[in-house]
Amino acid sequence: MNPILPGGHPDPSICKVGDTFYIVNSSFEYFPGLPIHKSKDLINWELIGYGLHREDQCNTTVNLVDVQSDGGIHAPTIRHHKGTFYIITTNVYYHQDTKTTDFVNFIITAEDPAGPWSEPHVLEGAPGIDPDIFFDEDGKVWYVGTHSPEKPNFPGEGEIWLQEIDLSTWALTGERTFLWRGACGGVWAEGPHIYKKDGRYYLMIAEGGTSYNHAMMIAVSDVIQGPYIANDRNPILTTRNLSYDNWVHSTGHADLIEINDGRWYMVALGIRGDEERGSNMGRETFLVPVQWEREPFDWKETKYEWPVVAPKTGRIERFNPVPFKESSQQRATTFIDNFDKEGLNLDWNFRRVPLKDMYKLNAQKGSLSLQTVSNIIQERGQAALLGVRQTESDFEYQVKMNFTPAKDGSEAGIVVIQKDNNYISLTLQKKGKEHWLQLKLAEPGNEPRILKETHLENYTNEMIFKLKSSDHKYRFYYALKGADFELFEETKASHVLSKGYTGANLGIYATSNGQNNKDYAEFDWVSYKGFQKF
């Protein structure tokens, strides 16, 4: 069943070592960055670590400390060569003072994909985004990049370029070659990958931008520097030809993998059309079968072989035959954390590198303490906020919190967040000697506003929050100590529709609203259960 990696897993890249597959995804402004999953059967995936998992990887040239929303880590490629894993990717950082943007392309390496990973090796003189790394049979290593051509024919025209990398110095070397500007318009030609099959080089790219016109194109050459000949049947994957109301759209930014028995598959991003032709989960990872077919035309002197994606239907299907007959898919629709382990569960993410000592785990007690830091949720900020991905449109999210604030303005609770300017929070806030329950909505272009607040006369020190999503509605509940749940308010689920590069996170949050104090909220457990739509 698709998606194979639900909930905010865009721009997938895949590699294989022996009988084990590995996928890495974009992570943009989130930390840790570059989530890495492994699988034996392409349909059941385990999160094993992150490529960017230490602050010292992310606080200098690669900056995830105060990076802008939808900046950060774009479109990685993961490859394995002679015992070493390589991830090559781009960090996009916008400087507000100079109104300029840095595109920092870099490589990290590891012997074990679960980590630890190396410091970023920055590739100087490498413009553009979405790089690919290709290890050729003759020992040469190639950088495949994107950029805007010097004299574009139209706005958004992209161009793919190639240059050799010296891995001993992490430097580009030799002549730079310009390969291709795409097949069907060439708007936003990006996300290149090169493959070698039967002695020929195949260059696959994304085109059309990561929305309804997203598409995959492919070309072939006898030599890696080109010239490349486009497949007459491009695009090889798209939803351009389907209704905007198809169950998944915007499919593209893909990678190909050959399995041990010679069959091929593609991993690609797509957006489920669950909410107003969109999704709160944003761009997710889907699996599609691929078969290679030779051109049948007698009049062609050279009959090229091309990948045919989803050969029976030409599109991503919700259900497919399993790649390996002995396996069956066990979708992980539940996440429960009792905070009884020494380290933080890998599923938790922060928006940017978190503040030092912002949280503390007490494994013996089974709790996580979150400081009411002075920061609030705001653009390029480091709020006391951590979350896990929303993986289904329908879900139930519960959190038990113990919170006895001493200072006026201290606040803590739950949040469903899409971006710094787009979230809904349900929190307990101390105002003078009183405790208030407050539901707040932030939407792009508007200041955050309170949808509802209520004075809680019977609050002691304990509360359970519940957010239930169904029928395109969010329903917010709360239960005081020893009491049943009460419905607090109902909103549209589309308030936090994904309109950027990432999906919604369900999190816990604390703030002192600008004050310096020593208050903290203690969370006993978090429970999430997603409900699949068929």
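Which loop holds Asn-246? Asn-246 sits in the loop that links strand S18 (237-238) to strand S19 (248-258); strands here are DSSP runs of E with at least two residues, and helices are runs of H or I with at least four, both numbered from the N terminus. The model is a predicted one, in which local features need pLDDT of at least 70 and side-chain atom pairs count only at pLDDT 80 or more, while totals for chains, interfaces and linings use all residues. Residues are numbered from 1 along each chain as its sequence is written, and side-chain values use heavy atoms, with hydrogens and water left out.

Asn-246 counts as buried because its relative accessibility is 15%; buried means under 20% relative accessible area, exposed means over 50%, and partly exposed falls in between (1.4 Å probe, protein chains only).

Strand S21 (residues 283-294) pairs with S22 through five bridges in the antiparallel sense, where pairing requires at least two DSSP bridges between two strands. Gln-291 stands opposite Val-308 in S22.

Pro-12 lies in the segment before strand S1 (13-17). Its relative accessible area is 1%, so Pro-12 is buried. A contact means heavy atoms within 4.5 Å. The C-alpha atoms of Pro-12 and Gly-252 are 9.7 Å apart in space, although 240 residues separate the two in sequence.

Another open sheet has eight strands in the order S3-S24-S27-S36-S29-S30-S31-S32, with antiparallel pairing. Strand S3 (30-31) and strand S32 (449-455) are the edge strands, each pairing on one side only. Within this sheet, strand S27 (residues 384-389) runs antiparallel to strand S36 (residues 505-511), and six bridges join them. Arg-389 stands opposite Asn-505 in S36.

Glu-522 is found in strand S37 (residues 520-531). With 12% relative accessibility, Glu-522 counts as buried. The side chain of Glu-522 makes a polar contact with that of Lys-365 at 3.0 Å. A polar contact is a pair of N or O atoms within 3.5 Å; within protein, one must be able to donate a hydrogen and the other to accept it, and residues adjacent in sequence count only if both atoms are side-chain atoms. Not counting residues up to four places away in sequence, Glu-522 also touches Ser-367, Leu-368, Lys-400 and Asn-402, among others. From Glu-522 to Arg-272, 250 residues away along the chain, the C-alpha separation is 35 Å.

As for the whole protein chain, there are zero helices and 37 strands. The chain is as compact as a globular protein of its length, because its radius of gyration is 24 Å, close to the 24 Å that the globule rule gives for 534 residues; the radius is taken over C-alpha atoms, and the rule is 2.2 Å times the number of residues to the power 0.38. Along the principal axes, the C-alpha atoms fill a box of roughly 85 × 45 × 45 Å. Buried residues make up 60% of the 534 residues.
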